[in-house]
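Here is a briefing on one protein model.

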Amino acid sequence: MKINEGERLDDLQLNGLKLIQNKKSFCFGIDTVLLSDFVKVKLGETALDLGTGTGVIPILLSAKTPGEKFHGLELQEESAELARRNVDMNKLSDKITITKGDIKNAESIYPLSSFDVICTNPPYMKAGAGIISDFTQKAIAKHEIFVSLYDIISKSAKLLKPQGRFYMIHRPERLTDIFRNLAEHRLEIKKIQFVYSDAEKEAMLVLLEAVRGGNASLKVLPAKIITQEA
């Protein structure tokens, strides 16, 4: 597989999998690894990753879970093309399909109620909040410029099968917005896990699982403490 100028090849340290990333673009971090560990895709199930970027989450899930088929939806053409190259390089084209498209139009791309699992590592920052990078790809990945929390949750509710599972990693300060949007779209939160860099500090990230049409019962999982080098 040809590596273009400005790109690098990273070893995912799992089943010989590798990933091409553009050093000027948004490269995956510990939150991606945490989400891929948290998501459960059962035998025979089909999963969709919204805002897949370089395709790293479908690639990791194909090795970590017994799921049958994985899809990735990505708005940016350059990232979608890189994701396809990564899928081909790892010889996973029979299990993973990458589609270039807008999350806001997701129900016109995929059939309604067609996925057992939907996961996402979305932009954390509200539009207009924080410092926006000069590099467009990074800005889109970090800020709700083209897609909002509402868009992600509302479209996920339409694409999930009844009792289908929704997984997300986000920042704890957005939990009020997250809970409100999940409730509005009948996605019942079932599991939540806070992630800390230090037991004496505030949580840095939060992982959650919700079920379409699920019963009201919430399990708070033990805290996960990581180091930035993890």
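Which elements do the buried residues of α1 pack against? They pack against α2, β6, β7, β8 (187-196), β9 and β11 (224-225). The model is predicted: local features need pLDDT of at least 70, side-chain atom pairs count only at pLDDT 80 or more, and totals for chains, interfaces and linings use all residues. Residues are numbered from 1 along each chain as its sequence is written, and side-chain values use heavy atoms, with hydrogens and water left out.

**Helix α1**
- Seven of the nine residues of α1 are buried, so the helix is mostly covered (buried means under 20% relative accessible area, exposed over 50%, partly exposed in between, with a 1.4 Å probe and protein chains only).
- The buried set is Ile30, Asp31, Thr32, Leu34, Leu35, Ser36 and Phe38.
- Helices (H or I, at least four residues) and strands (E, at least two) are DSSP runs, numbered from the N terminus.

**Nonpolar cores**
- The largest nonpolar core has 31 residues, and Leu34 and Val39 have the most contacts inside it.
- A nonpolar core is a set of buried Ala, Val, Leu, Ile, Met, Phe, Trp, Tyr and Cys residues joined through side-chain atoms within 4.5 Å.
- At least two residues of this core come from each of α1 (30-38), α2, α3 (77-89), β5 (96-100), β6 (115-120), β7 (160-170) and β9 (205-212).
- α2 gives the most, with five residues.
- Beyond its neighbours within four places in sequence, Leu34 is in contact with Ile169, Val195, Leu205, Leu207, Lys224 and Ile226 (contact means heavy atoms within 4.5 Å).
- A second, separate core of 26 residues includes Leu48, Phe115, Leu159 and Ala210.

**Second largest pocket**
- Asp10, Asp11, Leu12, Gln13, Leu14, Phe28, Val33, Leu60 and Lys64 line the second largest pocket.
- On a 1 Å grid over the protein atoms alone, a pocket is an open set of points where a 1.4 Å probe fits, with protein on both sides within 12 Å along at least five of seven lines; lining residues have an atom within 4 Å of a point.
- β1 (7-11) and α2 (56-64) are the elements that give two or more residues to this lining.

**Positive phi**
- Serine 113 is not a glycine, yet has a positive phi of about 50°.
- Serine 113 sits in the loop between α4 (106-109) and β6, and counts as partly exposed because its relative accessibility is 31%.
- Arginine 186, also not a glycine, has a positive phi of about 55°.
- Arginine 186 lies in the loop between α7 (175-184) and β8, and counts as exposed because its relative accessibility is 58%.
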